[in-house]
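I set down here what I looked up in the structure, entry by entry. The model comes next, followed by my notes.

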Amino acid sequence: FLRASYGSQLTRTWANWPVSLDKVQPFLAKRQASVDRLLVLVLDGMGFTQWTRIRELSAIRVVRSGGVLAMLPTLTEVSRQAIAAGGIPIEFRGSLRSTSKESQRWASAWSEAAVSNAWVRIDGARIEDMSVVPFGAVNALGLVINATDDLMHSAELLGDIGLHAGLEAWLRSGVLDAVLSKANEHGYETWLTADHGNLAVTPAKELREGAFVERAGTRARRYASKTLRDGASLEGIAWDELPGYPRDESERLLFAPGRTGWGKSRLSHGGLSMDEVIVPLVQIELPS
């Protein structure tokens, strides 16, 4: 499906609903013009399975809901940055390997509309973390909560079971309800999404390739060159013309096949599965 359709999906209009994460900001900019204050809440690493559990355990009311395509590769520094930038990765190729410029990308994306804005990242492990979030001070607020991704990467022993146990404990902490309550108090329309999903993987043997590998991920590896990628000892999937991604970068990537992962990790992301690629986009609110 991705080979046949992903590229064409990236070119679709966002007027009625964004098909991919790079279109979320322009879609919501149109919304902001009529609602004034708008909050984009990014739960890092939240897949549809976790979203379903959040709906079951919380008092959230869903106003509108759907799915969108994450950026490929499904790595935080690529896909989350696309949300902030409102553009595909080739448009911010100078910072593909870091999340440090997200706030600048967000500010630039809103500059034409001359809307006050802020992009904030918090761990979200406790309600006190919200003290740095400028509720009421800006009209376009992007808030990243890392707790969901941190829970995923720490669930090595029990995999999905461990992740969902942690997710339930996090929901009981009241952080999500507190964010939505603050948003409601200050008149924000709130949208929830994620930068990528996650996959319960079957661990495969990890070969150590030293300096040949610049990023030795569980689901995606970046080699120092295309030649080194092509000569890799690992069985993987190469996609040299990854849509929306710089060619000289994509031809250095190798993706883990199927539902496997290199190494001992039981949960991961970065690859090409539907679990990693399709994420929720929902308008939510607390019941009045």
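I took buried to mean under 20% relative accessible area, exposed over 50%, and partly exposed in between, with a 1.4 Å probe and protein chains only. The general rule is that side chains in a regular strand alternate between the two faces of the sheet. Strand 5 covers residues 189–193 and is mostly covered, five of its five residues being buried. Helices (H or I, at least four residues) and strands (E, at least two) are DSSP runs, numbered from the N terminus.

I noted the basis of the work: this is a predicted model, in which local features need pLDDT of at least 70 and side-chain atom pairs count only at pLDDT 80 or more, while totals for chains, interfaces and linings use all residues. Residues are numbered from 1 along each chain as its sequence is written, and side-chain values use heavy atoms, with hydrogens and water left out.

I then looked up the pairing of strand 5; two strands pair if DSSP finds at least two bridges between them. Strand 1 (residues 38–43) runs parallel to strand 5 and is joined to it by five bridges. Val40 has Trp191 in strand 5 as its bridge partner. Strand 13 (residues 278–285) runs antiparallel to strand 5, with four bridges between them. There, Gln283 of strand 13 stands opposite Trp191.

I recorded an open sheet of three strands, in the order 8-9-10 and with antiparallel pairing. Strand 8 (213–216) and strand 10 (253–255) are its edge strands, each pairing on one side only. From one strand to the next, the twist averages 15 degrees. Strand 8 and strand 9 (residues 220–223) run antiparallel and are joined by three bridges. I found Val213 bridged to Tyr223 in strand 9.

**Helix 5 and its contacts**

I compared axes, which are lines fitted to C-alpha atoms, for helices over the stretch in contact, with angles from 0 to 180 degrees between N-to-C directions. Helix 4 (residues 76–85) and helix 5 (residues 102–111) have axes that come within 7 Å and cross at roughly 30 degrees. Helix 4 and helix 5 are therefore roughly parallel to each other; angles under 35 degrees count as roughly parallel, over 145 as roughly antiparallel, 65 to 115 as roughly perpendicular, and the rest as oblique. Contact means heavy atoms within 4.5 Å. In this contact, Arg80, Gln81, Ile83, Ala84 and Ala85 of helix 4 meet Glu102, Arg105, Trp106 and Ala109 of helix 5.

I next took helix 2 (residues 24–35), which packs against helix 5 at about 50 degrees, with the axes 11 Å apart. That makes helix 2 oblique to helix 5. Gln25, Leu28, Ala29 and Gln32 of helix 2 make the contact with Trp106, Ala109 and Trp110 of helix 5.

**Two single residues**

Is Gln81 buried or exposed? I found Gln81 in helix 4, and it is buried, with a relative accessible area of 0%. Beyond its neighbours within four places in sequence, Gln81 is in contact with Thr76, Phe92, Ser95, Leu96, Ser98, Lys101, Glu102 and Arg105.

Ser181 lies in helix 8 (residues 175–185) and counts as partly exposed, at 38% relative accessibility. I noted 13 Å between the C-alpha atoms of Ser181 and Val133, which are 48 residues apart along the chain.
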